[in-house]
Amino acid sequence: MRILFSSLSAYGHTYPLLPLAVAARDAGHEITFATGDEFHPTMEALGFEAVSAGMSVFDALNAAFAADPENDEDTDLQQLTQEQSTRGAAMMFGSVLPRRFIDDIGRILARPGGFDLVVYEAANLGAALAAQRAGIPAVCHGFGRSGGGIDEERIQGLLSALAAEFDLDVEFDGMIFSKNPYLDIYPPSLQDPTFLGAPNRV
């Protein structure tokens, strides 16, 4: 199989996927890993094809705050209120990053030869939308406690609006697309108890 792994460009989002990617490589599958350029040497050392996707979290945060109509050019990003921080994080995870990954992953999935599966980490919902748009099965790979204290309702609203732009149908279980299997690597004793019974959790 040709498998595309994809993560946001951050250690805590990228490194938890590596054991599964290595196991898939060792089982004879062809692995491509789409993430930020700074992680490409690691991917190539593991024998994966590395391709660029997304943007840095710092750039995404700046874009999110710039897109917030309640902020102005005098807004000090070092002195944000709790509400401004919450709105900014929601805009980043619900719109800015997903929109960028839909474009980048979409181009990768359209390459000759195609892919059989997309494995995306739980915060990279744009990769999930790109896979759905391309008609390719996708698996969500967890990296921590479900939810993580983010404003799920606000992010769901932004993601639903984005999906509608591309005529995609999404259903949520918390911050997870419920149509895709969710590989949960977090210890059950530490996981959100309400998530342990999710029907798509593996």
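Predicted model: local features only at pLDDT ≥ 70, side-chain atom pairs only at ≥ 80, totals over all residues.
**A covered strand and a pair of packed helices**

Strand E2, built from residues 30-35, is mostly tucked away: five of its six residues are buried.

E2 has strand partners. With strand E1 (residues 2-6), E2 pairs in the parallel sense, and five bridges make up that pairing. To find this pairing in the structure, look for Ser6, which stands opposite Ala34 in E2. E2 also pairs with strand E3 (residues 49-52); here four bridges join the strands, and they again run parallel.

Now for the helices. Two packed helices are described by the angle between their axes and the distance between the axes. Helix H5 covers residues 82-109 and helix H6 covers residues 125-134; they pack at an angle of about 45 degrees, and their axes lie 7 Å apart. That angle makes H5 oblique to H6. The crossing of the two helices, H5 and H6, is right-handed.

Which residues in H5 and H6 meet? On the H5 side they are Pro98, Phe101, Ile102, Ile105, Gly106 and Leu109, while H6 brings Gly126, Ala127, Leu129, Ala130, Ala131, Arg133 and Ala134.

Notes: Residues numbered from 1 in each chain as written. Heavy atoms only, no water. Axes fitted to C-alpha atoms, helices over the stretch in contact; angles between N-to-C directions. Parallel < 35°, antiparallel > 145°, perpendicular 65-115°, else oblique. Left-handed = near helix turned anticlockwise from the far one by under 90°. Contact = heavy atoms within 4.5 Å. Buried < 20%, exposed > 50% of the residue type's maximum accessible area, 1.4 Å probe, protein only. Pairing = 2+ DSSP bridges.
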